[in-house]
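This briefing concerns the predicted model shown below. Please have the sequence and the 3D view at hand while reading.

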Amino acid sequence: MLYENKTSHSFTSLSALHEAMGQPSSLHPLIGLIDYGKAVFDPKEYENGIKLDFYKISFKTKFKGKIKYGQGYYDFQDGGMSFVSPGQILRMDQEEADYSGMSLHIHPDFLQPYPLARKIRKCGFFSYSAAEALYLSEREKQTISHIFNDIQNELNERIDAFSQDVIISQIELLLTYSNRFYNRQFITRKAVNNDLVSRMEQVLNDYFEHEKSLEGLPTVEYLASQLNVTPRYLSDMLRLHTGQNAQHHIHEKLIEKAKDYLSAEQYSVSATAYQLGFEHPQSFSKLFKKKTSLTPNEFKQSFQQ
């Protein structure tokens with residue numbers, strides 16, 4: 001059923017979405033494909049956004065216009081893939097009506113009997129923004145297109161005792177390839193990502209130099225917002241390029257600044273903890289010992305000998 005509120009349209013069933021897009025009803029109530037080239041709808045009706053109660057995996061081969069995700073726009077003219085989790089809100093503008101490709105919608109209940117129900121929640125790209133979508137080479141597009149077609153063909157066959165198992169295996173293959181292609185994208189966009197790492201270091205330096213830490217510890221969410229990326233994308237990119245996630249980088253910077261304070265005579269352990277944004281000195285001491293194998297007092301005393 002389709003509900004309308006002040007901010008967005010909420011689709012709780014695949015049948016309602018197919019009807020709104022001018023598409024035939026899905027042959028299965030919990031999984032379906034929409035052909036963008038055949039979709040018929042007025043984007044103005046959804047300019048306040050749509051919210052889906054199911055996973056959405058989009059594969060767009062041609063696209064004229066931009067997707068609005070939150071307050072930003074994403075140029076998607078060359079096509080590619082994007083991933084949306086249940087409950088996320090997407091907004092459409094009128095120029096978005098001209099595109100082709102397919103969109104796979106999967107209700108969480110379809111996955112429940114399978115390990116994939118847990119695995120899909122661990123796929124970081126479902127938490128990425130539209131601006132962090134997956135760009136595909138021509139060969140990669142062919143691979144993804146084949147999987148989408150295989151899922152469509154399976155849905156078009158008469159549903160039997162093996163149908164769900166077959167489709168689940170195809171979705172797993174789709175997610176595996178998506179992971180592989182995202183890793184490739186992180187590598188091929190190395191220059192862009194190196195710039196992001198440099199900017200992240202500057203954000204952390206500014207945070208401590210301007211004593212923003214007095215307001216609390218820096219978080220991954222804060223760091224990502226300053227860099228205009230999502231927290232999950234930032235951590236995934238850093239893990240591939242540096243072997244460490246965003247939280248680890250924050251801790252490394254904390255320890256670096258802690259050593260600066262502790263080596264100065266005027267800062268006690270408690271004062272250092274306060275300067276770094278820790279609410280309790282014990283939490284600071286525990287982190288420092290974990291990262292350096294020394295207590296803050298032991299480190300400080302080494303400068304007093």
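G49 has a relative accessibility of 0% and therefore counts as buried (buried means under 20% relative accessible area, exposed over 50%, partly exposed in between, with a 1.4 Å probe and protein chains only). G49 is placed in the loop between β3 (31-35) and β4 (50-52); helices (H or I, at least four residues) and strands (E, at least two) are DSSP runs, numbered from the N terminus. The C-alpha atoms of G49 and L90 are 5.1 Å apart, although 41 residues separate the two along the chain.

The model is predicted, so local features need pLDDT of at least 70 and side-chain atom pairs count only at pLDDT 80 or more, whereas totals for chains, interfaces and linings use all residues. Residues are numbered from 1 along each chain as its sequence is written, and side-chain values use heavy atoms, with hydrogens and water left out.

**Helix α10**

- In helix α10 (residues 269-276), the residues V269, T272, A273, Q275 and L276 are buried.
- These residues lie on the same side of α10, because they cover an arc of only 165° around the axis (the arc is that of the directions from the helix axis to the C-beta atoms).
- An α-helix has 3.6 residues a turn, so residues three or four places apart point the same way.
- The buried residues of α10 pack against α6 (190-209), α9 (246-262), α11 (281-292) and α12 (296-301), where contact means heavy atoms within 4.5 Å.
- After α10 comes G277, which has a positive phi, near 100°.

**Aromatic pairs**

- Rings of Phe, Tyr and Trp (its six-membered ring) pair if their centres lie within 6.5 Å; planes under 30 degrees apart count as stacked, over 60 as edge-to-face and the rest as tilted.
- By this rule there are 18 aromatic pairs.
- One of them joins Y55 and F126 edge-to-face, at 5.3 Å centre to centre and with 70° between the planes.
- This pair links distant parts of the chain, 71 residues apart: Y55 is in strand β5 (residues 55-64) and F126 in the loop between α3 (116-119) and α4 (138-156).
- Y55 counts as buried at 8% relative accessibility, as does F126 at 2%.
- The pair of Y207 and Y222 is edge-to-face, because the ring centres are 5.1 Å apart and the planes lie at 65°.
- Y207 belongs to helix α6 and Y222 to helix α7 (residues 220-227), 15 residues apart.
- Y207 is buried at 8% relative accessibility, whereas Y222 is partly exposed at 22%.
- Ring pairs link Y55, F83, F125, F126, Y128, Y182, F186 and Y233 into a cluster.
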